[in-house]
Amino acid sequence: MSWRKGGGGGDGGVSRRWAVLLCLGSFCLGLLFTNRMWTLPEANEIARPNGNGDEGNTLVAAECGPKKVQHHDYKDILRVQDTHHGVQTLDKTIASLETELSAARSLQESLLNGSPVAEEFKLSESIGRRKYLMVIGVNTAFSSRKRRDSIRYTWMPQGEKRKKLEEEKGIIIRFVIGHSAISGGIVDRAIEAEDRKHGDFMRIDHVEGYLALSGKTKTYFATAVSLWDADFYVKVDDDVHVNIATLGQILSNHALKPRVYIGCMKSGPVLTEKGVRYYEPEHWKFGEPGNKYFRHATGQLYAISKDLATYISINRHVLHKYINEDVSLGSWFIGLDVEHIDDRRLCCGTPPDCEWKAQAGNTCAASFDWRCSGICNSEGRIWEVHNKCAEGEKALWNATF
């Protein structure tokens with residue numbers, strides 16, 4: 001292309017003026033195109049990178065990239081710091097809800113299967129169940145009338161006092177007994193007559209027999225948890241002296257804990273020789289001869305929380321029964337998240353042991369003779385134990401749990 005002065009064109013050439021105009025026009029079009037296609041958004045139009053609209057994150061437009069400005073509210077941080085007591089309360093609440101649901105399912109199953117439901121339970125369900133601190137079940141037998149009377153006249157309140165104990169302190173006490181192999185026989189009628197006089201029995205669906213104590217224990221807990229809504233369920237033998245206020249204080253200290261198993265924990269030898277007391281027919285399950293049992297509470301007195309009693313009630317048909325009922329109870333909790341509490345005040349000796357401890361201000365909750373697995377000759381000696389080791393009637397009525 002040739003460049004010529006002047007406004008005319010010839011030989012296909014382009015004048016300098018037109019060339020300058022074309023250049024200026026192209027430059028203006030370029031500026032216009034760039035402004036329309038590459039206009040930068042304002043800072044407040046930049047989308048947040050996480051798109052969640054968190055108020056705590058602010059983008060600063062002056063920076064090359066997004067910058068998070070975090071606002072710490074230390075009041076909120078302090079508010080969510082739970083104390084140990086609060087955690088225990090929450091755990092207990094959750095456990096209580098779980099056990100209430102399990103108990104409802106158990107009742108529904110009983111109704112569907114046509115199993116009888118106690119009248120007292122029906123009444124409590126219709127008017128709303130009251131909350132109790134503990135239910136004390138005194139294990140007894142048909143032949144133990146003298147033992148029962150000795151308890152009635154020592155540590156177990158009678159008549160109006162027993163009702164007051166239930167209403168004001170939330171403590172239920174009952175003698176626990178089943179029925180004979182021939183239901184309605186003379187021994188059953190004798191218990192019915194005794195119950196009409198004192199009104200302090202819990203009759204359970206169980207055939208009495210010493211070798212059937214594991215089954216009786218299981219039935220007791222299942223029945224008790226269906227009749228009364230309590231924090232704890234206690235089993236005690238009828239040849240043991242009990243200080244009710246001290247026992248209540250011990251248990252109330254653990255009321256906020258879920259799945260509690262309280263007693264004097266032991267681990268005795270597994271006896272493999274037939275004919276000896278406490279012989280274990282299933283000794284082979286515990287390993288080589290000379291081995292010991294797992295830790296479990298001694299059978300004279302122990303307590304379990306409501307959720308464990310409900311667990312026994314729901315699973316009673318599949319829980320294995322060993323010959324010794326205290327071993328059976330301990331075995332039912334193996335594999336569960338259970339807290340074992342060893343409290344030696346639940347297994348004091350008879351005088352002078354419990355007497356010395358009472359004088360020192362460390363009152364025992366239960367007293368018996370280890371060599372007899374109970375108070376030796378309890379019908380007569382329980383009076384001695386009561387006179388020397390009892391906490392006093394005022395301690396019970398002034399107690400706050």
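Student: Which element supplies the largest share of the lining of the second largest pocket?

Tutor: This is a predicted model, and in it β7 gives four residues to that lining, the largest share. At least two residues each come from α8 (213-227), β4, β7 and α11 (325-332).

Student: How is the lining of the second largest pocket divided by class?

Tutor: Its residues comprise 13 nonpolar, 12 polar and 11 charged ones.

Student: Why are the 46 residues of the largest nonpolar core called a core?

Tutor: The term requires buried residues of the nonpolar kinds joined through side-chain atoms within 4.5 Å, and buried means under 20% relative accessible area; the 46 residues therefore form one such set, in which M134, I136, W155, I173, I244 and L247 touch the most other members. Among the elements that each supply at least two residues of this core are β1 (131-139), β2 (171-179) and α9 (244-252), and α9 gives the most, with five residues. Apart from this core lies another, of 27 residues, including Y132, M202, A224 and L319.

Student: How do you know which residues I136 is in contact with, beyond its neighbours within four places in sequence?

Tutor: Contact requires heavy atoms within 4.5 Å, and with those neighbours left aside I136 is in contact with I171, I172, I173, R174, Y220, V234, V236 and L247.

How values were computed. Residues are numbered from 1 along each chain as its sequence is written. This is a predicted model: local features need pLDDT of at least 70, side-chain atom pairs count only at pLDDT 80 or more; totals for chains, interfaces and linings use all residues. Side-chain values use heavy atoms; hydrogens and water are left out. Buried means under 20% relative accessible area, exposed over 50%, partly exposed in between (1.4 Å probe, protein chains only). Ala, Val, Leu, Ile, Met, Phe, Trp, Tyr, Cys and Pro count as nonpolar, Asp, Glu, Lys and Arg as charged, and the others, Gly among them, as polar.
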